[in-house]
Amino acid sequence: MIHRWGIRARVTLVAFIPMLVLAGLMTATHTTLRLGELDNALRARAQAYVRQTAVASEYPLFIGDHIALQQLLDSLLLEEDMAALALIAPDRSLIARAGSFEHTTPPQAAVAGTTRSAGRLRIVEPIRPRPLPIDAVSDPVPADELLATLIIEMSLERLDQRRAELLWIAAGWMLMVAVGSLALARGMSYSVSGPIRNIADTVLRIGRGELDRRVPVVGGGTLRILAEGVNEMAGRLSTAHASMSRQIEEATAELRARRDEAERASIAKSRFLAAASHDLRQPLHALGLFVSELSQHELDAGSRQILERITAAAETMDGLLGSLLDISRLDSGALTPVPQSFDLQARLERLVAGQSAVAAERGLDLHLRCAPCRAHTDPLLLDRILANLLSNAIRHTPHGRVLVACRRRGDRLRVEVRDNGPGIAPESQELIFHEFVQLDNPERGQDKGLGLGLAIVRRLSTLLRLPLDLRSRPGHGTVFAVEVPAAQPEGASRAHTPGSFEGVRVQLAGADPAALEATAELLADWGCTVDDGTRTAPADDRPHGTELLILAPVPAGTADGLVLLAALRMRPDLADVPAILLVVDSTDEQRDRARTLNAHLLARPLRPSRLRALMNRLLGARDGDGAQGSGIG
């Protein structure tokens with residue numbers, strides 16, 4: 001415990017304890033000697049009384065004068081501290097007695113000698129005749145003849161009082177010495193620890209950034225050297241800090257200039273991408289719809305092959321544009337997740353069903369292993385993560401098996417995409433999440449993707465705060481895993497059969513005739529009952545019971561589409577109908593406004609598969625998969 005004390009406490013202890021011990025020893029020695037002297041003085045007085053009484057009582061005893069003996073004892077009783085006296089005859093009969101003895105035992109039973117009890121000092125002394133001849137003729141009295149026995153008891157009360165007084169005086173002196181020693185010790189400790197505390201406080205303040213602090217230089221010796229050293233250190237630190245501050249300001253200004261330049265470049269890039277997507281996606285959208293419509297007609301083998309190549313080229317260009325825009329939106333923070341509870345098993349089933357045909361073409365076994373479960377996150381963004389992981393596994397697995405599995409881990413669901421492909425070397429496992437990186441595609445073949453899927457996965461998992469895990473060894477396949485918060489299970493009922501739009505009533509609106517015509521034909525081929533928004537019939541003549549509202553906005557952009565949607569929401573039959581707005585690009589403000597209008601943005605050029613998946617989800621929303629707009633579609 002002492003090792004935790006400060007310097008002042010230790011110095012106080014070192015100075016106080018020796019002084020206190022020395023004072024205690026001296027006081028104890030003095031008190032003991034003084035008490036011994038008092039005790040010896042009392043004993044000496046008692047012996048003197050005994051000798052005087054023996055001499056004075058010898059003649060009365062010889063002649064048998066008991067009255068004189070009683071008077072002698074009475075006079076002695078008046079002496080200080082005398083308590084009782086008695087003369088006992090040789091036959092143990094009482095000759096004379098004065099005072100009261102301590103015990104009830106008859107004094108005749110006392111034994112010669114000196115004894116001490118709690119409150120009395122008793123001396124028993126025999127009285128014998130002195131060998132003095134009376135005359136020359138008579139014989140002297142034998143010296144060993146017992147004339148009587150003298151018993152004296154002296155009170156120790158005054159001695160005890162004096163002893164108590166001495167002890168109190170000693171205690172008082174000890175207290176005074178202790179107080180004085182403590183005051184002196186604290187003064188000494190302050191004189192030693194004070195300068196050290198000043199130095200420590202100054203060093204602490206310097207450490208907090210107060211570089212102008214200095215230690216007062218007082219005294220001499222080591223403390224003076226220490227104070228001067230601290231002041232010199234503070235001066236050098238102040239100079240170094242000023243120099244570093246100037247360098248930091250210069251570097252900060254340079255970094256700020258570079259950041260501004262990078263921001264300007266990023267803004268220019270975003271503007272370029274927006275302009276390019278607007279100019280390229282408009283014809284791509286129409287091309288995709290017309291190609292889809294053309295695929296419904298009877299074509300010869302050559303024309304069908306050309307149509308498939310056109311479709312593949314359009315989809316590749318659409319995927320590249322969409323991935324670039326997604327990367328740009330994620331880097332700029334333009335996406336805002338909308339967490340909600342949904343049926344994860346149903347989404348995984350749709351995901352695997354959508355990729356089963358591609359897996360079968362590559363000769364792969366694609367399986368799903370998932371028990372009924374619900375998750376809580378942004379469902380559209382999670383779909384994009386899992387779709388990219390699954391397509392990546394199928395694309396890079398030459399043969400074998402791909403497995404999508406989901407299992408519960410506490411309050412989270414772990415979704416894994418496993419394949420038995422060639423695996424990834426440890427030194428390349430971080431590299432694959434960079435843009436346009438393809439480890440096994442140096443010739444940049446389009447059949448192996450664009451190298452943007454995993455980069456989007458990393459950004460989306462970071463945005464949603466979903467832990468992303470990768471385990472792989474060369475020759476032993478790869479496992480990508482995403483952990484999703486679990487949600488409470490809910491009951492479900494479905495109004496529409498998944499994948500079937502037979503009889504679904506869809507309201508189309510917009511100012512792009514080509515887009516409206518192509519979209520209407522595509523929806524009709526899927527079995528939908530389409531109300532073309534270009535009709536000019538009164539609202540009362542239009543079909544009732546609309547289940548879905550699709551808008552192809554005017555060429556001016558998303559803002560005009562939202563204005564049109566807001567106007568359509570004024571109609572009672574379209575107030576609460578889920579809406580899909582086909583857009584080229586959008587801002588954060590426009591996406592927020594779309595959510596308030598219960599609209600779901602779908603990027604153009606439109607992939608029919610994306611439109612079909614979104615329609616299927618919206619029409620099946622009553623099974624628990626809530627729908628909200630998102631920035632990536």
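**Sheets, helices and salt bridges in a predicted model**

Five strands make up an open sheet of mixed pairing, ordered β7-β9-β10-β12-β11; strands here are DSSP runs of E with at least two residues, helices are runs of H or I with at least four residues, and both are numbered from the N terminus. Two strands are taken to pair if DSSP finds at least two bridges between them. At the edges of this sheet are β7 (364–370) and β11 (468–472), each of which pairs on one side only. From one strand to the next, the twist averages 15 degrees, with axes being lines fitted to C-alpha atoms (for helices, over the stretch in contact) and angles running from 0 to 180 degrees between N-to-C directions. Five bridges link β11 to strand β12 (residues 478–485) in the antiparallel sense, and D469 stands opposite A481 in β12.

The model is predicted, with local features requiring pLDDT of at least 70 and side-chain atom pairs counted only at pLDDT 80 or more, while totals for chains, interfaces and linings use all residues. Residues are numbered from 1 along each chain as its sequence is written, and side-chain values use heavy atoms, with hydrogens and water left out.

Taken as a whole, the chain contains twelve helices and 17 strands. Of its 633 residues, 40% are buried, where buried means under 20% relative accessible area, exposed means over 50%, and partly exposed lies in between (1.4 Å probe, protein chains only). The accessible surface of the chain is about 34,200 Å², and carbon and sulfur atoms hold 58% of that surface; the areas come from the Shrake-Rupley method with a 1.4 Å probe, and for residues only the protein chains shown count as cover. Among contacts in the chain with a separation of 6 or more, 69% are between residues 24 or more positions apart, a contact being heavy atoms within 4.5 Å.

A further open sheet has five strands in the order β2-β1-β5-β4-β3, with antiparallel pairing. Its edge strands, β2 (94–99) and β3 (113–116), each pair on one side only. The twist in this sheet averages 10 degrees from one strand to the next. Strand β1 (residues 82–88) runs antiparallel to strand β5 (residues 148–155), and six bridges join them. β1 also pairs with β2, in the antiparallel sense and over five bridges. The hairpin formed by β1 and β2 has five residues between the strands, and R92 in the turn has a positive phi of about 70 degrees. Across β1, β2 and β5 lies helix α2 (residues 66–77), which runs at about 25 degrees to β2.

The loop between α2 and β1 contains D81. D81 is not a glycine, yet its phi is positive, near 70 degrees. D81 counts as buried because its relative accessibility is 14%. N598, in the loop between α11 (588–596) and β17 (599–603), likewise has a positive phi, about 55 degrees, without being a glycine. At 30% relative accessibility, N598 counts as partly exposed.

Helix α1 (residues 7–63) holds T27, which is buried because its relative accessible area is 16%. Leaving out residues up to four places away in sequence, T27 touches A170 and M174. L25 also belongs to helix α1, but its 55% relative accessibility makes L25 exposed.

Salt bridges (a side-chain nitrogen of Lys or Arg within 4 Å of a carboxyl oxygen of Asp or Glu) number 25 by this rule. One of them joins E165 to R162, with the closest N and O atoms 3.2 Å apart. Both residues sit in helix α3 (residues 157–207), three residues apart, or about one turn of the helix. Another salt bridge links E416 and R407, the closest N and O atoms being 3.1 Å apart. E416 is buried, at a relative accessible area of 2%, whereas R407 is partly exposed at 41% relative accessibility. The side chains of R471 and D469 also form a salt bridge, at 3.6 Å from N to O. Through salt bridges that share partners, R407, R409, R412, R414, E416, R418, D469, R471 and E483 are joined into one network.
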